[in-house]
Amino acid sequence: MHPILLTTFESHPWTINTGILMLFINLLMVFLGRYAIKYPGQGPALPIGVPDFMKDFGVPEMLATGVFAHWIGAGMILGLRSAGAL
């Protein structure tokens with residue numbers, strides 16, 4: 001087996017600071033995505049009631065911003081942990 005595949009990484013326990021950071025990043029990316037997506041409302045609508053300013057924000061937009069937010073959030077958590085700030 002390749003030696004890189006045998007490498008293990010130190011696992012850090014989940015803390016409330018990790019959850020708050022991920023929540024903040026997700027909310028920020030949904031807010032920014034609402035105004036940054038070029039063609040909003042092209043797919044199915046969200047199955048829940050949304051405020052009027054989020055009327056054109058559907059399932060594709062929520063999935064796109066959620067995926068992007070998790071990529072950014074995971075990178076921030078890993079970076080802050082390796083720097084010792086989290």
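Buried means under 20% relative accessible area, exposed over 50%, and partly exposed in between, with a 1.4 Å probe and protein chains only. The model here is predicted, so to speak of local features takes pLDDT of at least 70 and side-chain atom pairs count only at pLDDT 80 or more, while totals for chains, interfaces and linings use all residues. Residues are numbered from 1 along each chain as its sequence is written, and side-chain values use heavy atoms, leaving out hydrogens and water.

**Exercise 1.** Work out whether Thr-65 is buried or exposed, and find its surroundings.

*Solution.* 
- Start with the element: Thr-65 sits in helix 2, residues 59-83 (helices are DSSP runs of H or I, at least four residues, numbered from the N terminus).
- Its relative accessible area is 5%, so Thr-65 counts as buried.
- Now look for contacts, meaning heavy atoms within 4.5 Å. Setting aside neighbours within four places in sequence, Thr-65 meets Met-29, Val-30, Gly-33, Ile-37 and Phe-57.
- Finally, check the polar side: a polar atom of the Thr-65 side chain is 3.2 Å from the backbone oxygen of Met-62.

**Exercise 2.** Find the residues of the largest nonpolar core and say where they come from.

*Solution.* 
- A nonpolar core is a set of buried Ala, Val, Leu, Ile, Met, Phe, Trp, Tyr and Cys residues joined through side-chain atoms within 4.5 Å.
- The largest one has 6 residues: Leu-21, Met-22, Ile-25, Met-29, Ala-69 and Ile-77.
- Helix 1 and helix 2 each give two or more residues to this core, and helix 1 supplies the largest share, 4 residues.

Key: Polar contact = N/O pair within 3.5 Å; in protein donor to acceptor, adjacent residues only side chain to side chain.
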